[in-house]
Amino acid sequence: MTQLNKTVVLTGATGVLCSEFARFLARSGCRLALVARSGEKLAALREEIAAAGGVAFCYAADVTNKEQLLAAHRQIVQDLGPCEVLINGAGGNHPAATTGSEAYRPGEGAAPTFFDLTRAGFSQVFDLNLWGTVLPCQIFAPDMAERPGCSIVNISSMAAFSPLTKTPAYCAAKAGVSNFTQWLAVHLAPCGVRVNAIAPGFFLTRQNRELLLGPDGTPAPRTAKILAHTPMGRLGRPEELLGALRFLVDERLSGFVTGCVLPVDGGFSAYSGV
Ligand SMILES: NC(=O)c1ccc[n+]([C@@H]2O[C@H](COP(=O)([O-])OP(=O)(O)OC[C@H]3O[C@@H](n4cnc5c(N)ncnc54)[C@H](O)[C@@H]3O)[C@@H](O)[C@H]2O)c1
């Protein structure tokens, strides 16, 4: 495969899906700016990539913190030059915005109910997934304007197409990410920056472990439901997202594709359940 040869900023870089993206992009000849909150995990990933012959620099920043992102941006421009591809990978749900039961019946089911959820819990999940996508776009997209071959890839979810039980804030935030992807694609089209999203189906990672596995590590009833609704009958493997990623960031393959939310889901979004 021909090399991509781009400077890529990747947020949430140490997560399960995005660390797979990082290894792949490094193998594809990209220079990586790995952005995440934990310096230790970042350093371990950077060393792994360097040991395999790749180029990666680390920047500790919270995607909801403008000052930290601006500082990371200044340093990235010094170390690697302007950002050519931004991948907004940081995201996830939080227990403070999750109901204990799938459906409400007064006096029954596990707490918290929908009626117990707080603005703080909702805000935390909105901030991370939606604002934590908007803010890096504000900071890094100006580097890309009117430079050939630049694009943004956001990470949406099946939860954006139709909501998943128990996670109202995450679903609304990811619907916001899909909608914002289309909005920004239109806004930036005249200056040549493409904006797309990948909507992964179900992959076992840190942020959904509590929902997908029981306390003993065996699949939770929720996982059985997911599999029953996934025509391919299994969870995804992180490496199965890489073709979609390569397609979206390589303008030789997708130069006329913008505002697209691409499902990689084993058929989940196509299946009505009947
Ligand atoms: N795993 C799935 O099935 C699935 C499905 C659809 C969408 N997604 C999305 O894929 C993306 C990657 O998630 P993952 O499944 O690999 O989970 P993960 O928990 O392994 O990775 C998420 C990463 O985001 C980082 N992060 C969290 N808050 C942050 C913040 N404020 N600033 C910077 N980084 C922060 C975490 O530290 C972690 O490294 C997320 O946006 C997630 O919502 C995952």
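For what follows, Ala, Val, Leu, Ile, Met, Phe, Trp, Tyr, Cys and Pro count as nonpolar, Asp, Glu, Lys and Arg as charged, and the others, Gly among them, as polar. With that settled, here is the structure, which is a predicted model.

I start with the ligand. The residues around it number 27, and the closest are G12, G15, L17, G91 and T205. Two elements, α1 (16-27) and α4 (119-144), each give two or more residues to this shell. The biggest share comes from α1, with three residues. What classes make up the shell around the ligand? There are 13 polar residues, eleven nonpolar and three charged.

Next, helix α8, residues 242-249. Its buried residues are L245, L248 and V249. Viewed along the axis of α8, these buried residues fall within an arc of 90°, so they line one face of the helix. What do they pack against? The partners are α1, β4 (85-88), β5 (151-155), β6 (194-200), α9 (251-254) and β7 (261-264).

Now the core. In soluble globular proteins, nonpolar side chains tend to be buried together. In this model the largest nonpolar core has 72 residues, and L10, A22, L32, L34 and V35 have the most contacts inside it. Take L34 as an example: neighbours within four places in sequence aside, its contacts include L10, A22, R46 and Y59.

Last, confidence. The chain has a mean pLDDT of 96, and 100% of its residues reach 70 or more. Among the elements, helix α6 (residues 209-212) has the lowest mean, 82, while β5 has the highest, 99.

Definitions and conventions: Residues numbered from 1 in each chain as written. Predicted model: local features only at pLDDT ≥ 70, side-chain atom pairs only at ≥ 80, totals over all residues. Near = placed C-beta within 6 Å. Helix = DSSP H or I, 4+ residues; strand = E, 2+ residues; numbered from the N terminus. Buried ≥ 20, exposed ≤ 12 C-beta atoms within 10 Å, placed from the backbone. Arc of directions from axis to C-beta. Contact = placed C-beta atoms within 7 Å. Core = buried A, V, L, I, M, F, W, Y, C linked by C-beta atoms within 7 Å. pLDDT = per-residue confidence, 0-100.
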